[in-house]
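The following exercises are to be worked with the sequence and the three-dimensional model at hand. Each task is followed by a solution in steps.

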Amino acid sequence: MRTAFIQALNELADNDDRVCLIVGDLGYSVIEDFANRHPDQFVNAGVSEQNMIGLAAGMALSGKIVFTYSIGNFGTLRCLEQIRNDVCYHRANVKVVAVGGGLAYGNLGVTHHASEDVAIMRALPNMTVVAPGDPVEARLATRAVVAHDGPCYLRLGKAGEPVVHTKEPEFELGRAVTVRDGSDVALIASGGMLATSDKVARSLAGQGLGVRLLSMHTVKPIDREAIARAATETRYVFTLEEHSVDGGLGGAVAEIMAELEPGHAPLKRIGLRPEFNKTVGDQNYLKALHGLDEETVLKTIQQIITRSYGRVG
Amino acid sequence: MSGNGQASDDDLRALARRLRSHSLRMISQAKTSHIGSCLSVADILAVMYGRILRVDPKRPDWPDRDRLIMSKGHAAAITYAAVAEAGFMKEERLGEYARNGGQLYGHVTHVGVPGIEFSSGSLGHGLPVGAGMALTAKRAGKGWRVFVVMSDGECDEGSNWEAILFSGHHQLDNLTIVIDYNKIQSLDFVDKTLRLEPLADKLRAFGWSVREVDGHSVGELGRALTSLPLESGKPNAIVAHTVKGKGVSWMEGKVLWHYRPPTPEELVTALAEVEAS
């Protein structure tokens, strides 16, 4: 996703000198090409995230479209008040980019686990929150946030995420992409869990179940209509995210569903337990501990459906 | 008149008196805090709006305007008074200060208030934003300048030192901070809370050019602020030595007046002192 993002950003910056990139002394082997091609559109703020966001706001209020780039929590939580006041309150055209969303930096430690960022960014007024599901969506999301005038949070994975979309989907901020359609269960995924969800959806479909898979790349503003349809046209809704089950995609979907008319499908949020990890592990290892590996997700969904509706399929 | 290079020192002193009177009335009527912080920065704002800033009240968004960020956002009353006196809005709007249904919040707010460049209130936000503006102007070869008015207590914030390091490194000589060094912060004297001295040396060590002035002398402030950049290739720091509560003898140098609003009776004597000065 990182590569797709930076390539798209490079192309955008080629054609629009308002597009700037500020990094917080991170991005080794990612940002060099941008820095060389666009020296007047690039700043390394050093290891100073509060200043990085303030600079970005000042540049944006002077007419620039400014991307900030850092690892998960550093570029979001460390400088949260700068994002709230300087960026969101002033509607400054700043795009906060975090790499390593979720457990991508698994064995580097809990400091590097971005597990609450979506919830926190989602709570900010004027903020658009985007967590693309694969490199194709990352490229499209990069273009979309440049076209959108206002604060955005772009949550990326790291490197090597599988491509889910074999052809470019129609991509609009705030509008879910229907990856496959069905009316038995709905899987709503964001970020890197899209690939896992896609595999799980195929397995469930292979067992005769009608599976709707939505890529909810924009967590805010969220696609209310798509959620309402999923909740009324299918029999069970599952959210899947590499983020705490509290306040992120699952929280957002729960908020919408809680206010629907009675008689809709129930919801199960699949994501990270809201606790700090205690065991060292890489991304896949830790995801499995949280039940986010393909096999466990499939089992979880099958058990819930069996319990609620009898046999699967 | 804003940015009027012709304003005499007497004009600026008269403007400072009006700013102090407005602040006293606004804060007394609204029963809010921070009169001491307003009174200490009055001469600084009078010089900025009366002589230095190249702004156009008819075009608040003029792209080539100088930017002034009031980072000590608690001195809101006097900031609104300054933009009103500069012609950005009608003076009667000052009655909206901290009043239900108005738009002039108790900390500096840009929404619905022409002439206010940036909202503040949480300290340590203005300078990084100003640095971003200054960097943008410099890279684009634009002549507009950025001024950030800061408090001394605000210098406790690490974000400011991040931006001070950055601005020195990037040689932002189109960026100027004016530190209203009134020696008193929220709970106590600066020296008893977190000592800033030697403040000028600290700033010089970060690559800034520093001028220390009497922050109540419009002549000294004016001379410093018309000599920018103080040194080519260095950001500018005007360390303005001021007195908290300046202009009302019984408010001067007292922590109490960081918080207490003057009563209606106190307002009368305070206004009389300011107008007689």
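**Exercise 1. State the domain assignment of chain A and describe how domain 1 of chain A meets domain 2 of chain A.**

Solution. The model is a predicted one.
Step 1. In chain A, the assignment places domain 1 at 2–155 and domain 2 at 177–309.
Step 2. Taken over C-alpha atoms, the centres of domain 1 and domain 2 of chain A are separated by 26 Å.
Step 3. The contact involves 24 residues of domain 1 of chain A and 31 residues of domain 2 of chain A.
Step 4. On the domain 1 side, helix H5 (117–122), strand S5 (128–130) and helix H6 (135–147) of chain A each contribute at least two residues.
Step 5. By class, the domain 1 side consists of 11 nonpolar, eight polar and five charged residues.

**Exercise 2. Characterise the contact between chain B and chain A from the side of chain B.**

Solution. 
Step 1. Chain B contributes 18 residues to the contact, and chain A contributes 21 residues.
Step 2. Two helices of chain B, H4 (126–139) and H5 (158–169), each supply at least two residues of the side that touches chain A.
Step 3. H4(B) provides the largest share of that side, with 10 residues.
Step 4. The side of chain B that touches chain A comprises nine nonpolar, seven polar and two charged residues.

**Exercise 3. Determine how H1(B) is oriented towards H8(B) and towards H9(B).**

Solution. Two packed helices are described by the angle between their axes and the distance between the axes.
Step 1. Helix H1 (residues 9–30) and helix H8 (residues 218–225) of chain B have axes that come within 10 Å and cross at roughly 110 degrees.
Step 2. Angles of 65 to 115 degrees count as roughly perpendicular, and H1(B) and H8(B) are therefore roughly perpendicular to each other.
Step 3. The crossing of H1(B) past H8(B) is right-handed.
Step 4. H1(B) makes this contact through B:Asp9, B:Leu12, B:Arg13 and B:Ala16, while H8(B) uses B:Val218, B:Gly219 and B:Gly222. The classes represented are three nonpolar, two polar and two charged residues.
Step 5. With helix H9 (residues 264–276) of chain B, H1(B) packs at about 175 degrees, the axes being 10 Å apart. Angles over 145 degrees count as roughly antiparallel, so H1(B) and H9(B) are roughly antiparallel to each other.
Step 6. From H1(B), the residues B:Arg17, B:Arg20, B:Ser21, B:Leu24, B:Arg25 and B:Ser28 meet B:Pro264, B:Leu267, B:Ala270, B:Leu271, B:Val274 and B:Glu275 of H9(B). This contact has six nonpolar, two polar and four charged residues.

**Exercise 4. Give the strand order of the five-stranded open sheet in chain B and of that in chain A, and identify which strands stand at the edges.**

Solution. 
Step 1. In chain B, the five strands follow the order S1-S2-S3-S5-S4, with parallel pairing.
Step 2. The edges are strand S1 (67–70) and strand S4 (209–214) of chain B; each has a single partner strand, so one side of each lacks a neighbour in the sheet. Neighbouring strands are turned by 20 degrees against each other on average, direction ignored.
Step 3. S1(B) runs parallel to strand S2 (residues 146–151) of chain B, to which four bridges join it. Within S2(B), B:Val149 is the bridge partner of B:Met70.
Step 4. In chain A, the order is S7-S9-S8-S11-S12, with mixed pairing.
Step 5. Strand S7 (177–180) and strand S12 (267–272) of chain A each have a single partner strand and stand at the edges, so one side of each has no neighbour in the sheet. The twist from one strand to the next averages 25 degrees.
Step 6. Three bridges pair S7(A) in the antiparallel sense with strand S9 (residues 211–215) of chain A, and A:Arg180 stands opposite A:Leu213 in S9(A).
Step 7. Helix H11 (residues 294–309) of chain A packs on this sheet, touching strand S8 (185–189), strand S11 (236–244) and S12 of chain A; the direction of the helix makes about 150 degrees with that of S11(A).

Note on methods. Residues are numbered from 1 along each chain as its sequence is written. Chains are lettered from A and ligands numbered from 1 in the order in which they are written. This is a predicted model: local features need pLDDT of at least 70, side-chain atom pairs count only at pLDDT 80 or more; totals for chains, interfaces and linings use all residues. Two residues are in contact if their C-beta atoms, placed from the backbone, lie within 7 Å. Ala, Val, Leu, Ile, Met, Phe, Trp, Tyr, Cys and Pro count as nonpolar, Asp, Glu, Lys and Arg as charged, and the others, Gly among them, as polar. Domain bounds come from an automatic or database domain assignment. Axes are lines fitted to C-alpha atoms, for helices over the stretch in contact, and angles run from 0 to 180 degrees between N-to-C directions. Angles under 35 degrees count as roughly parallel, over 145 as roughly antiparallel, 65 to 115 as roughly perpendicular and the rest as oblique. A crossing is left-handed if the near helix is turned anticlockwise from the far one by less than a right angle, and right-handed if clockwise. Two strands pair if DSSP finds at least two bridges between them.
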